[in-house]
Amino acid sequence: MIRETRHRLTIVVALMVAVGSWLGLASPAAAAPAPTPNAVTISGDGIDKALTVRADADVELFDAVLEQVSWLRGSGQTGSPAPGDLGPKYTVVVLTNDVAKQTYDLYPLAKGGPRAFRPAKQPDKSKASAAWFYGRLSMNETLQAAGVPLPNQATSVNGGIGGGERVIREDSLTPGKDLGRMFGELRHLLLLNGAVVVAITICLAGISLLVRRRTR
């Protein structure tokens with residue numbers, strides 16, 4: 001009887017260890033934190049040698065430049081502008097551990113306001129579609145602070161380097177697509193939580209059954 005009880009306890013413990021391991025793999029919070037960018041380079045019109053802004057040298061300026069491109073996700077906000085309306089192009093490359101990961105093209109003097117372009121071909125080989133975005137109003141000021149030779153522009157945006165909001169036209173928003181993606185992620189989260197609850201319930205039921213038999 002004792003040997004049989006020990007055998008069942010061993011099975012339950014093994015099951016709990018397996019569930020714990022599965023949770024560790026399934027939960028993003030349990031995963032090791034992803035490395036963060038530590039530098040950006042800027043090249044383009046009027047720049048003989050690429051400019052480098054490092055987080056450990058000037059974190060405020062680094063954050064300001066990174067803020068110009070870090071939000072460029074999704075399918076874009078606008079169609080391709082006419083080439084003659086773009087003005088000078090400046091390429092920003094984001095480095096993590098000094099290895100190029102993402103690249104973006106910025107057009108601070110574009111007609112109608114700053115524009116940003118995310119090429120489909122990325123240094124880290126990630127799958128991305130080419131997309132155009134309305135840039136932040138602070139783009140010109142931020143690039144100037146990084147050393148890009150740009151003319152001064154009057155702006156009504158306060159907040160210093162990196163300040164300002166994205167210029168987004170109402171007709172460029174896609175609420176249906178965003179809601180669909182949000183509900184899809186919510187459904188995935190609910191399914192994952194449901195599986196966790198079921199696994200824990202099974203473990204507790206097994207332990208309860210063993211304790212009940214042991215106390216008889």
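Visitor: How many of the residues of β3 are buried?

Guide: First, the ground rules. This is a predicted model, where local features need pLDDT of at least 70, side-chain atom pairs count only at pLDDT 80 or more, and totals for chains, interfaces and linings use all residues. Residues are numbered from 1 along each chain as its sequence is written, and side-chain values use heavy atoms, with hydrogens and water left out. Buried means under 20% relative accessible area, exposed over 50%, partly exposed in between (1.4 Å probe, protein chains only). Strands (E, at least two residues) and helices (H or I, at least four) are DSSP runs, numbered from the N terminus. In β3, seven of its seven residues are buried.

Visitor: Which residues of β3 point one way, and which the other?

Guide: In a regular strand, side chains alternate between the two faces of the sheet. From β3 (90–96), Tyr 90, Val 92, Val 94 and Thr 96 point one way. Thr 91, Val 93 and Leu 95 point the other way.

Visitor: Which strands are joined to β3 by bridges?

Guide: Two strands pair if DSSP finds at least two bridges between them. β1 runs antiparallel to β3, with six bridges. Thr 41 stands opposite Val 93 there. β4 is also antiparallel to β3, with seven bridges. Here Leu 95 faces Ala 100 of β4. The β3 and β4 hairpin has two residues between the strands, and Asn 97 takes a positive phi near 55°.

Visitor: What covers the buried residues of α2?

Guide: Start with the helix. In α2 (residues 59–67), Leu 61, Phe 62, Ala 64, Val 65 and Leu 66 are buried. Their cover includes β1 (39–44), β2 (51–54), β3 and α3 (139–145).

Visitor: How many aromatic pairs does the structure hold?

Guide: Rings of Phe, Tyr and Trp (its six-membered ring) pair if their centres lie within 6.5 Å; planes under 30 degrees apart count as stacked, over 60 as edge-to-face and the rest as tilted. The structure holds three pairs. One of them is Tyr 107 with Trp 132, tilted, at 5.6 Å centre to centre and 35° between the planes. It links strand β4 (residues 99–107) to strand β6 (residues 131–134), with the two residues 25 apart.

Visitor: Why does Tyr 107 count as buried?

Guide: Because its relative accessibility is 8%. Trp 132, at 11%, counts as buried too.

Visitor: Why is the pair of Phe 117 and Trp 132 tilted?

Guide: Because the planes are at 40°, with the ring centres 4.8 Å apart. Phe 117 lies in β5 (residues 115–118) and Trp 132 in β6, so this pair ties together parts 15 residues apart in sequence. Tyr 107, Phe 117 and Trp 132 form one aromatic cluster.

Conventions. Contact means heavy atoms within 4.5 Å.
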